[in-house]
Number of protein chains: 2
Amino acid sequence: MGVVHAILHLTPGAPGWPAELDDIDDPPEELWIAGRAELLGRRPRVAVVGTRSPTPYGELQAARVATCLAAHGVVVVSGLARGVDELAHRAALEGGGATLAVLGSGVDRPWPEGELAQRMLREGCLVSEFRPGQGPRRHHFPWRNRLIAGLSDLVVVVEAAYSSGSLITARWAVDQGRDVFAIPGRVDHPMSRGCHRLIREGAELLESPGELLVALGLEPAPAASEAAPADPLLAALRGETCTADELAARLALPTPEVLARLVELELAGHVVRGPGGLYRLRRAPG
Amino acid sequence: MGVVHAILHLTPGAPGWPAELDDIDDPPEELWIAGRAELLGRRPRVAVVGTRSPTPYGELQAARVATCLAAHGVVVVSGLARGVDELAHRAALEGGGATLAVLGSGVDRPWPEGELAQRMLREGCLVSEFRPGQGPRRHHFPWRNRLIAGLSDLVVVVEAAYSSGSLITARWAVDQGRDVFAIPGRVDHPMSRGCHRLIREGAELLESPGELLVALGLEPAPAASEAAPADPLLAALRGETCTADELAARLALPTPEVLARLVELELAGHVVRGPGGLYRLRRAPG
């Protein structure tokens, strides 16, 4: 490990202390920071975590999410571990973005040692509640996971086994009132089982990193529908609320045909079915 | 098309009429049945539907689900279309199981024509609300989808584009009070987007066909946990309800270590965290 030039020590309430940690259960009593300490004051922050053994699909998703976040000024938080954590930090750094690693050891003894830890000291930021000189211990890692969640506005789980450290981070996040997103994958791959479990337990299914930007308020929600295409059914519904039977009569079409078309239009986001089978146009956004 | 030897005509209330269709909106006024009409009386039934253009992953999942269902005596319902529908029918037939196709044309004019339709006449069952002689029409297909759902206890969507006929079947199923299951997949494949949409809208995420057997009551729910391994924390919780602090004091361990271990045990299904941070053992099933 190279020389750590400066270690910043913070206690609750001190200038630079991340106030969002005061809201969590079991907040840390102190924090040590090495590297670009100013990143600890930058928001929003999103945790990107996952297995130490991702599939190529998981690798791609970790890089995709972190690259998008970093490009939009979001600080990428993770745990410096091999696999998804490492890929998330690297993708953020490659894009010139901000990234922060929460350690299970002192900031002068980051684990795993190596080139990424050194680079994080120069271009990113290392944070720990464990004192300088403290080596990594097995039980430190699930415990520091509450700070990965606590320092983040949202948590994204990329790939995770059914019972894994990433799910511990997600559990802390839920306890702390943070939204959790999980990326689904093939049902026949064990590394997607943790994400599927999270989705079943209420996590948001994440398809595209842009959805995180929307959740953070950095981008507007996508329009519910493109401009409605010319369609006699849509024209007949303008300013109206009708049953399928009424529309069928008005358009001189069989009710089954009208109903089938209405379901298609509902799926495409153009019409809404209300109580009593009354259909209306979906209001254009804005 | 070969000769259809016998067509059965049913009206509501007649012997053999599937009574579950009386509960749906817009029930059919009559049904024509060709092939093994007795299959219409067999339960449970599960619809397996999806895109006409599955990926190899979708093909595998369609076959996997239908094979498992057929092997457990479940009637596989689908729409005879190419792709997922066809694979589901074929997998059921290969396993010597029961399968039923709901058509968008008369049962003497199944669409698409060909070997599968012929085989379904011999070994499966064709059902339609359209009169014999009626050719397929575009709007028949989304409309007959309500019968695919209405004749089924559950609906499984294997792969589907974001706006597709399979989602129409799922929408009918929800309206009819049937549970919908959707199989997730890679977020970078368009054919998984429909399933992900359904999961976001409340469909069950399906990982394994065995989950369908549980939902149908054909198999018991899996045990929540294996026998609890020897663990001092679990031993200390036997017959107790404790906070992490109390356990830490009792075991002379640091609270962070105890909390981290408790979260692991919670994820593994051995302990439950209740209100006030009180932990207890999860009751063994049975």
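Q: Where does P44(B) lie?
A: P44(B) is in the loop between strand 2 (31-35) and strand 3 (45-49) of chain B. Strands here are DSSP runs of E, at least two residues long, and helices are runs of H or I, at least four, both numbered from the N terminus. The model is predicted, so local features need pLDDT of at least 70 and side-chain atom pairs count only at pLDDT 80 or more, while totals for chains, interfaces and linings use all residues. Residues are numbered from 1 along each chain as its sequence is written, chains are lettered from A and ligands numbered from 1 in the order in which they are written, and side-chain values use heavy atoms, with hydrogens and water left out.

Q: Which bond joins R43(B) and P44(B)?
A: A cis peptide bond, with omega about -5°. In chain A, R43(A) and P44(A) are also joined by a cis peptide bond, with omega about -10°. P44(A) sits in the loop between strand 2 (31-35) and strand 3 (45-49) of chain A.

Q: And what is phi of L80(B)?
A: Near 70°, a positive value in a residue other than glycine. L80(B) is in the loop between strand 4 (75-78) and helix 2 (84-94) of chain B.

Q: New topic. How much do chain A and chain B bury between them?
A: About 3900 Å², with 59% of it on carbon and sulfur atoms. That is accessible area (1.4 Å probe) lost on putting the two parts together, summed over both. V187(A), E207(A) and L267(A) supply 19% of what chain A buries against chain B, more than any other three residues.

Q: How many residues does the contact take from each chain?
A: 44 from chain A and 44 from chain B. Contact means heavy atoms within 4.5 Å.

Q: How many salt bridges across the interface?
A: The rule finds 14 (a Lys or Arg side-chain nitrogen within 4 Å of an Asp or Glu carboxyl oxygen). One pairs E207(B) with R200(A), the closest N and O atoms being 4.0 Å apart.

Q: Which helix of chain A gives the most to the side that touches chain B?
A: Helix 10 of chain A, with 8 residues.

Q: At what angle do helix 10 of chain A and helix 5 of chain B cross?
A: Roughly 100°, and their axes come within 10 Å. Axes are lines fitted to C-alpha atoms, for helices over the stretch in contact, and angles run from 0 to 180 degrees between N-to-C directions. So helix 10 of chain A is roughly perpendicular to helix 5 of chain B, a label for angles of 65 to 115 degrees.

Q: Which residues make that contact?
A: L259(A), V263(A), E264(A), E266(A) and L267(A) from helix 10 of chain A, and L167(B), I168(B), R171(B) and W172(B) from helix 5 of chain B.

Terms used: Angles under 35 degrees count as roughly parallel, over 145 as roughly antiparallel, 65 to 115 as roughly perpendicular and the rest as oblique.
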